[in-house]
Amino acid sequence: MPLYQTNPIKIYNSITGKKEIFKPINEGHIGMYVCGPTVYSNVHLGNVRTFMSFDMVFRYLKHLGYKVRYVRNITDAGHLENDEDAGEDKVAKKARLEQIEPMEVVQRYTVDFHNILNTFNFLPPSIEPTATGHIIEQIELINKIIENGFAYEVNGSVYFDVHKFNEAHEYGKLSKRKLEDLIHNTRALDGQSDKKNPQDFALWKKAEPQHIMRWPSPWSDGFPGWHLECTAMSTKYLGEQFDIHGGGMDLKFPHHECEIAQNEAAKGISPVNYWMHANMLELNGSRMSKSTGNTVNPSELLSGENKFFSKAFTPGVIRFFNAQSSYRSVLDLTNDGLLASEKGFYRLMDGMSLLNSIKASDNSTIDIATWRQNCYDAMNDDFNSPILIANLFEAVKYINQIKEGKASITKDDLELFKSTMHAFVLDVLGLENTAESNSGSDKLAGAVDVLIKLRQEARANKDFALSDKIRDELAAVGIQLKDGKEGTTFTTN
RNA sequence: GGCGUCAUGGCCGAGUGGCUAGGCAGAGGUCUGCAAAACCUUCUACAGCGGUUCGAAUCCGCUUGACGCCUCCA
């Protein structure tokens, strides 16, 4: 029996503002779409946080036994500079600045994106479609919306008629906006727009002569509007209606709102059952921004080459830091916060290592089944990873107590304990035990054991100068000795 | 200005109408040749002001502040 049958999960649905019992359209199967990056520059750290949160969601759903098709797109065209659609394609702009081909920019930053995500131990999505690979689908979608009377063509560009749409549907239902408020709050136009109303958005944009990325269409040589690709690709790979759509909070409006509108205008149905929005990442209490310099990119954080942090942090520490807060909360990236997480992370990992060496007894003083269910309950409640981690630290306490002989565990419970820890720490949270994955660790362990024995002999002979020297010099190269009841162990953090 | 989200102890961060979050840091203890590690114990709390309630940090209202979107920035 798959785990999901005994583990109903609740998901906070952004469109209703409530936690709801999750029920997939097809039992045992889940379709999940997450808006991916625009590959015109190095991936933004905040973007990494969003994808990290959904990576955890993906991992947990898979762990529960769901067959998940996870689609995360690459936006490699059509992302306009601003909502008035007067800007140029971001990719084309960058290409001209750097004097290279647009697809070269796309390639470079796609590779960078994948490298960063691999470093952070992400699972690859099931499908990673590109906007440029789905121009035909996007044109078909525009045709349908025009046919249904919710779009109009002007001078080779096609716009979505928001006012018309709002007569039969509800534009703004995701972001809780009313069209009349939007009208009231729109800035005055400069009169250059082809749009009937400022709230309308482009489905197809005619390319200016100097615009490099362009495709033929029934209306003009041009490029698709920036909300269209997600609708086209989610429909193609997940169907007209699917289970989960995720993305950063900042995409809620207008991007996701427009996705709903496009889908309803084309097919008459709302595309998504559960909307999930990951909250923002801040740096030292305020928004990351290139213009103010309050920003750090993923590779700078990992290398330590930045002005905000006192040292480099490993991918595991950063993943752990992220998992210690809810995906729905604003997370503030600070030096103190990372240092605290680093210590906690290594404590958890030391516990994982120790778990392999503890011995079973005839009885259990710990209720492993209840503890295990607490872990599931945490994740079942809208993927509450902070509560899960609190339970994992309970587990670390158990491990240490067993190790010290202050608690005991039966063989069966120990097996369950090990497999559960493995499942949550490694599979669900995606953390890697760096201490154990060192290459040549067997030889290292052998060498350190020799030193441990020498130190024990020195201590037996009361030669504390020598024993302390061994301990201190090992510490100096990053090997910490830990004296326990049953001998000395070491860690290589 | 509009819409939305949020405000928790030294720091980070869960949760929630009455019952321990957790991590980091601090204090005391056990262990140790001394430490470290580990274990045990322990101190700081729910922005402010009203209201609902037997009871609110948790619900409602107002105030103040922060953040997001509305405008390029994930």
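Q: Which elements of chain A have the lowest and the highest mean pLDDT?
A: pLDDT is the predictor's confidence in each residue, from 0 to 100. Helices (H or I, at least four residues) and strands (E, at least two) are DSSP runs, numbered from the N terminus. Here helix α2 (residues 90-98) sits lowest with a mean of 68, while strand β4 (residues 67-72) is highest at 97. This is a predicted model, where local features need pLDDT of at least 70 and side-chain atom pairs count only at pLDDT 80 or more, though totals for chains, interfaces and linings use all residues. Residues are numbered from 1 along each chain as its sequence is written, chains are lettered from A and ligands numbered from 1 in the order written, and side-chain values use heavy atoms, leaving out hydrogens and water.

Q: What is the mean pLDDT of chain A as a whole?
A: The chain averages 88, and 93% of its residues reach 70 or more. Over residues 80-86, however, pLDDT stays under 50.

Q: How many helices and strands does chain A have?
A: There are 16 helices and 15 strands in chain A.

Q: Is Val 450 buried, partly exposed or exposed?
A: Buried means under 20% relative accessible area, exposed over 50%, and partly exposed in between (1.4 Å probe, protein chains only). Val 450 has 48% relative accessibility, so Val 450 counts as partly exposed. You'll find Val 450 in helix α15 (residues 441-460).

Q: What share of chain A counts as buried?
A: Of its 493 residues, 51% do.

Definitions and conventions
Contact means heavy atoms within 4.5 Å.
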